Amino acid sequence: QVQLVESGGGLVQPGGSLRLSCASSGSIFSFYAMGWYRQAPGKQRELVAAITSGGRTNYADSVNGRFTISRDNTKNTVYLQMNSLKPEDTAVYYCNARDGTATLSWNVNWGQGTQVTVSS
């Protein structure tokens, strides 16, 4: 199955920006969607943003208006532009391919994640 590698994380101050990348070993266009997730210590992994093969996007309420997900099918890469970062955005960020349909989809394979730390 497809292998995913996240990168671009780091330490930033509140209000700063980061651009995360998710490089896929295979085609991402064939999947229903690609998604970005995050997991903070002691908390459940949550969906942050998703983008379908057709370009439809979905964002968690906590990041809507600050984060932007995009994809480059020719490069088999998904991006997450994060602006106006807050300390509560601190987490390990993962991407995953989603297969299925609009009514039923599932995660295909997790990457290793990239750490995002927002702190002054």
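Two strands pair if DSSP finds at least two bridges between them. Helices (H or I, at least four residues) and strands (E, at least two) are DSSP runs, numbered from the N terminus. The model shown is predicted: local features need pLDDT of at least 70, side-chain atom pairs count only at pLDDT 80 or more, and totals for chains, interfaces and linings use all residues. Residues are numbered from 1 along each chain as its sequence is written, and side-chain values use heavy atoms, with hydrogens and water left out.

**View A. Strand β8 pairs with β3 and with β7.**
Strand β8 spans residues 77-82. β3 (residues 18-24) runs antiparallel to β8 over 6 bridges. Within that pairing, Ser-21 has Tyr-79 of β8 as its bridge partner. β7 (residues 67-72) is also antiparallel to β8, again over 6 bridges. Here Phe-67 is bridged to Met-82 in β8. Of the 6 residues of β8, 5 are buried. Buried means under 20% relative accessible area, exposed over 50%, partly exposed in between (1.4 Å probe, protein chains only).

**View B. The β7-β8 hairpin has Asn-76 in its turn.**
There are 4 residues between the two strands. Asn-76 has a positive phi of about 50°. The side chain of Asn-76 has a polar atom 3.4 Å from the backbone nitrogen of Ile-28. Contact means heavy atoms within 4.5 Å. Not counting residues up to four places away in sequence, Asn-76 touches Cys-22, Ala-23, Ser-24, Gly-26, Ser-27 and Ile-28.

**View C. Asp-89 forms salt bridges with Arg-38 and with Arg-66.**
Side chains of opposite charge can pair when their charged atoms come close. A salt bridge is a side-chain nitrogen of Lys or Arg within 4 Å of a carboxyl oxygen of Asp or Glu. Between Arg-38 and Asp-89, the closest N and O atoms are 2.9 Å apart. This pair links distant parts of the chain: Arg-38 sits in strand β4 (residues 33-39), Asp-89 in the loop between β8 and β9 (91-100), and 51 residues separate them. For Arg-66 and Asp-89, the closest N and O atoms are 2.7 Å apart. Arg-66 lies in the loop between β6 (57-59) and β7 and Asp-89 in the loop between β8 and β9, so this pair ties together parts 23 residues apart in sequence. Both Arg-38 and Asp-89 are buried. Asp-89 has 0% relative accessibility. Arg-66, with a relative accessible area of 12%, is buried.

**View D. Asp-72 and Lys-75 meet in a salt bridge.**
The N to O distance between their side chains is 3.4 Å. Asp-72 is partly exposed at 21% relative accessible area. Lys-75 is exposed at 53%. Elsewhere, salt bridges that share partners join Arg-38, Glu-46, Arg-66 and Asp-89 into one network. The whole structure holds 4 salt bridges.

**View E. Val-12 is buried in strand β2.**
Strand β2 covers residues 10-12. The relative accessible area of Val-12 is 11%. Which residues is Val-12 in contact with, leaving aside its neighbours within four places in sequence? They are Ser-17, Leu-18, Leu-85, Thr-117, Val-118 and Ser-119. Phe-29 is 17 residues from Val-12 in sequence and 32 Å away in space, C-alpha to C-alpha.

How values were computed: A polar contact is a pair of N or O atoms within 3.5 Å; within protein, one must be able to donate a hydrogen and the other to accept it, and residues adjacent in sequence count only if both atoms are side-chain atoms.
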